[in-house]
Amino acid sequence: LPAYQPTVIRPAEVSQPAEARLESPTQPAAFQIQPMEKSILTHVVLHPECLNHPKMTELLDFVSQNEVKSLIQRIAKMYLEIEDSEYSSILQQFILSKEFALSLKETISSALFQFKPIKMAPAKLDKFMIDLVKKSKIQKLKNVKTLLIQKQSQTYSQEESNQYMQQIIEIEKNLENIKNQLA
(Lines give C-alpha, C1' and ligand atoms only; values in the text may rest on other atoms or scores of the structure.)
Protein backbone atom coordinates (compact mmCIF):
# COMPACT_ATOMS: atom_id res chain seq x y z
CA LEU A 1 0.00 0.00 0.00
CA PRO A 2 1.21 3.50 -0.76
CA ALA A 3 2.09 5.67 2.21
CA TYR A 4 -0.49 8.16 3.41
CA GLN A 5 0.21 11.68 2.12
CA PRO A 6 -1.52 14.43 4.15
CA THR A 7 -2.87 17.43 2.27
CA VAL A 8 -0.96 20.59 3.08
CA ILE A 9 -2.98 23.79 3.17
CA ARG A 10 -0.93 26.91 2.66
CA PRO A 11 -1.89 30.12 4.55
CA ALA A 12 -2.69 31.97 1.30
CA GLU A 13 -5.26 29.30 0.42
CA VAL A 14 -6.93 29.43 3.83
CA SER A 15 -7.60 33.16 3.59
CA GLN A 16 -9.82 32.61 0.53
CA PRO A 17 -13.33 31.19 0.82
CA ALA A 18 -13.73 27.60 -0.36
CA GLU A 19 -15.75 28.71 -3.42
CA ALA A 20 -12.94 31.02 -4.55
CA ARG A 21 -10.37 28.21 -4.31
CA LEU A 22 -12.58 25.96 -6.43
CA GLU A 23 -13.14 28.51 -9.21
CA SER A 24 -11.04 28.23 -12.30
CA PRO A 25 -8.95 31.27 -13.21
CA THR A 26 -11.17 31.94 -16.25
CA GLN A 27 -14.41 31.88 -14.26
CA PRO A 28 -15.87 35.36 -13.62
CA ALA A 29 -15.72 36.80 -10.13
CA ALA A 30 -18.67 36.34 -7.80
CA PHE A 31 -21.54 38.55 -8.87
CA GLN A 32 -24.96 38.75 -7.32
CA ILE A 33 -27.83 40.10 -9.34
CA GLN A 34 -30.09 42.51 -7.46
CA PRO A 35 -33.73 41.39 -6.96
CA MET A 36 -35.21 44.19 -9.07
CA GLU A 37 -32.75 43.53 -11.89
CA LYS A 38 -33.40 39.80 -11.65
CA SER A 39 -37.12 40.49 -12.09
CA ILE A 40 -36.50 42.72 -15.12
CA LEU A 41 -34.15 40.18 -16.71
CA THR A 42 -36.63 37.35 -16.10
CA HIS A 43 -39.48 39.33 -17.67
CA VAL A 44 -37.32 40.24 -20.67
CA VAL A 45 -36.38 36.59 -21.24
CA LEU A 46 -39.98 35.39 -20.81
CA HIS A 47 -41.39 38.10 -23.08
CA PRO A 48 -38.71 39.04 -25.63
CA GLU A 49 -41.21 41.11 -27.62
CA CYS A 50 -40.90 43.76 -24.91
CA LEU A 51 -37.30 44.38 -26.02
CA ASN A 52 -38.65 46.44 -28.94
CA HIS A 53 -41.14 48.38 -26.83
CA PRO A 54 -40.61 52.16 -26.41
CA LYS A 55 -40.73 51.78 -22.58
CA MET A 56 -37.70 49.45 -22.67
CA THR A 57 -35.22 52.34 -22.47
CA GLU A 58 -37.03 53.68 -19.41
CA LEU A 59 -36.96 50.20 -17.88
CA LEU A 60 -33.22 49.90 -18.51
CA ASP A 61 -32.71 53.07 -16.46
CA PHE A 62 -33.61 51.00 -13.38
CA VAL A 63 -30.81 48.54 -14.10
CA SER A 64 -27.73 49.79 -12.29
CA GLN A 65 -25.41 46.82 -12.80
CA ASN A 66 -23.53 47.07 -16.08
CA GLU A 67 -23.37 43.28 -16.50
CA VAL A 68 -27.17 43.01 -16.45
CA LYS A 69 -27.74 46.02 -18.69
CA SER A 70 -25.18 44.78 -21.19
CA LEU A 71 -26.72 41.31 -21.20
CA ILE A 72 -30.22 42.68 -21.83
CA GLN A 73 -28.89 44.78 -24.71
CA ARG A 74 -27.14 41.74 -26.19
CA ILE A 75 -30.33 39.69 -25.89
CA ALA A 76 -32.25 42.50 -27.65
CA LYS A 77 -29.74 42.56 -30.50
CA MET A 78 -29.83 38.77 -30.77
CA TYR A 79 -33.64 38.70 -30.73
CA LEU A 80 -33.78 41.05 -33.72
CA GLU A 81 -31.45 38.79 -35.73
CA ILE A 82 -33.10 35.40 -35.17
CA GLU A 83 -36.38 33.68 -35.85
CA ASP A 84 -38.87 33.53 -32.98
CA SER A 85 -38.87 29.74 -33.08
CA GLU A 86 -35.10 29.64 -32.44
CA TYR A 87 -35.09 32.14 -29.58
CA SER A 88 -35.04 29.74 -26.64
CA SER A 89 -32.36 27.39 -27.95
CA ILE A 90 -30.09 30.14 -29.26
CA LEU A 91 -30.32 32.12 -26.02
CA GLN A 92 -29.51 28.98 -24.00
CA GLN A 93 -26.49 28.26 -26.22
CA PHE A 94 -25.37 31.89 -25.96
CA ILE A 95 -25.52 31.89 -22.16
CA LEU A 96 -23.65 28.61 -21.89
CA SER A 97 -20.96 29.60 -24.38
CA LYS A 98 -20.05 32.92 -22.76
CA GLU A 99 -18.53 33.66 -19.40
CA PHE A 100 -21.38 35.14 -17.42
CA ALA A 101 -21.76 35.16 -13.67
CA LEU A 102 -23.49 32.09 -12.28
CA SER A 103 -26.40 34.15 -10.94
CA LEU A 104 -27.07 35.53 -14.45
CA LYS A 105 -26.92 32.07 -16.00
CA GLU A 106 -29.28 30.69 -13.36
CA THR A 107 -31.75 33.54 -13.82
CA ILE A 108 -31.88 33.13 -17.59
CA SER A 109 -31.99 29.33 -17.47
CA SER A 110 -34.85 29.46 -14.98
CA ALA A 111 -36.77 31.92 -17.16
CA LEU A 112 -36.14 29.84 -20.30
CA PHE A 113 -37.50 26.78 -18.48
CA GLN A 114 -40.78 28.70 -18.03
CA PHE A 115 -40.69 30.28 -21.51
CA LYS A 116 -43.67 29.78 -23.82
CA PRO A 117 -43.31 31.12 -27.38
CA ILE A 118 -46.63 33.00 -27.33
CA LYS A 119 -46.47 36.70 -28.11
CA MET A 120 -48.58 39.17 -26.18
CA ALA A 121 -51.16 41.29 -27.93
CA PRO A 122 -49.96 44.90 -28.42
CA ALA A 123 -52.45 46.34 -25.90
CA LYS A 124 -51.52 43.73 -23.32
CA LEU A 125 -47.80 44.36 -23.98
CA ASP A 126 -48.29 48.10 -23.43
CA LYS A 127 -50.02 47.48 -20.10
CA PHE A 128 -47.36 44.93 -19.12
CA MET A 129 -44.52 47.37 -19.81
CA ILE A 130 -46.24 50.26 -17.99
CA ASP A 131 -46.81 48.02 -14.96
CA LEU A 132 -43.23 46.75 -15.04
CA VAL A 133 -41.86 50.31 -15.15
CA LYS A 134 -44.13 51.37 -12.26
CA LYS A 135 -43.14 48.34 -10.17
CA SER A 136 -39.48 49.13 -10.84
CA LYS A 137 -40.01 52.74 -9.75
CA ILE A 138 -41.67 51.53 -6.55
CA GLN A 139 -38.85 49.12 -5.80
CA LYS A 140 -36.20 51.77 -6.45
CA LEU A 141 -37.97 54.22 -4.12
CA LYS A 142 -38.24 51.52 -1.44
CA ASN A 143 -34.51 50.84 -1.76
CA VAL A 144 -33.69 54.54 -1.38
CA LYS A 145 -36.05 54.78 1.59
CA THR A 146 -34.35 51.83 3.30
CA LEU A 147 -30.96 53.45 2.73
CA LEU A 148 -32.17 56.76 4.18
CA ILE A 149 -33.60 55.02 7.24
CA GLN A 150 -30.24 53.36 7.82
CA LYS A 151 -28.42 56.67 7.46
CA GLN A 152 -30.91 58.36 9.78
CA SER A 153 -30.35 55.73 12.46
CA GLN A 154 -26.59 56.28 12.27
CA THR A 155 -26.66 60.06 12.58
CA TYR A 156 -26.06 61.84 15.86
CA SER A 157 -27.27 65.28 14.88
CA GLN A 158 -30.96 66.22 15.16
CA GLU A 159 -30.63 68.47 12.10
CA GLU A 160 -29.28 65.65 9.93
CA SER A 161 -31.92 63.30 11.27
CA ASN A 162 -34.65 65.80 10.33
CA GLN A 163 -33.24 66.12 6.80
CA TYR A 164 -33.37 62.37 6.35
CA MET A 165 -36.91 62.31 7.74
CA GLN A 166 -37.99 64.96 5.21
CA GLN A 167 -36.51 62.88 2.38
CA ILE A 168 -38.23 59.76 3.70
CA ILE A 169 -41.58 61.58 3.85
CA GLU A 170 -41.08 62.80 0.27
CA ILE A 171 -40.37 59.25 -0.88
CA GLU A 172 -43.52 58.04 0.92
CA LYS A 173 -45.55 60.65 -0.98
CA ASN A 174 -44.01 59.52 -4.28
CA LEU A 175 -44.75 55.89 -3.45
CA GLU A 176 -48.39 56.71 -2.69
CA ASN A 177 -48.72 58.63 -5.97
CA ILE A 178 -47.32 55.73 -7.97
CA LYS A 179 -49.45 53.17 -6.15
CA ASN A 180 -52.56 55.28 -6.80
CA GLN A 181 -51.68 55.34 -10.50
CA LEU A 182 -51.53 51.54 -10.49
CA ALA A 183 -55.06 51.23 -9.13
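The model is predicted. The chain holds 183 residues, and its secondary structure comes to 9 helices and 0 strands.

**Overall fold**
- Read along the sequence, the elements follow the pattern α-α-α-α-α-α-α-α-α.
- Of the contacts between residues at least 6 apart in sequence, 71% join residues at least 24 apart.
- Buried residues account for 34% of the chain.
- The exposed surface comes to about 12500 Å², and carbon and sulfur atoms supply 54% of that area.

- In soluble globular proteins, nonpolar side chains tend to be buried together.
- In this model, the largest nonpolar core has 40 residues, and I72 and L91 have the most contacts inside it.
- Helices that each supply at least two residues of this core are α3, α4 (56–60), α5 (66–81), α6 (87–97), α7 (102–114) and α8.
- The helix that gives the most to this core is α5, with 7 residues.
- Leaving aside residues up to four places away in sequence, L91 touches V45, I75, M78, I108 and L112.
- Another core, of 8 residues, lies apart from the largest one, and its members include I138, L141, L175 and I178.

**Second largest pocket**
- Rolling a probe the size of a water molecule over the atoms shows where empty space is left.
- The second largest pocket contains about 200 Å³ of space.
- Helix α8 provides the largest share of the lining, 4 residues.
- The lining is made up of Q34, P35, M36, E37, D61, F62, S64, Q139, K140, N143 and V144.
- Sorted by class, the lining has 4 nonpolar, 4 polar and 3 charged residues.

**Serine 161**
- S161 lies in helix α9, which spans residues 158–182.
- S161 counts as buried because its relative accessible area is 16%, and the cut-off for buried is under 20%.
- Not counting residues up to four places away in sequence, S161 touches Q152 and T155.

Key: Residues are numbered from 1 along each chain as its sequence is written. This is a predicted model: local features need pLDDT of at least 70, side-chain atom pairs count only at pLDDT 80 or more; totals for chains, interfaces and linings use all residues. Side-chain values use heavy atoms; hydrogens and water are left out. On a 1 Å grid over the protein atoms alone, a cavity is a set of points where a 1.4 Å probe fits but cannot get out, and a pocket is an open set with protein on both sides within 12 Å along at least five of seven lines; lining residues have an atom within 4 Å of a point. Grid points are joined across faces, edges and corners, and a volume is the space filled by probe spheres set on the points. Ala, Val, Leu, Ile, Met, Phe, Trp, Tyr, Cys and Pro count as nonpolar, Asp, Glu, Lys and Arg as charged, and the others, Gly among them, as polar. A nonpolar core is a set of buried Ala, Val, Leu, Ile, Met, Phe, Trp, Tyr and Cys residues joined through side-chain atoms within 4.5 Å. Buried means under 20% relative accessible area, exposed over 50%, partly exposed in between (1.4 Å probe, protein chains only). Contact means heavy atoms within 4.5 Å. Accessible areas come from the Shrake-Rupley method with a 1.4 Å probe; for residues, only the protein chains shown count as cover.
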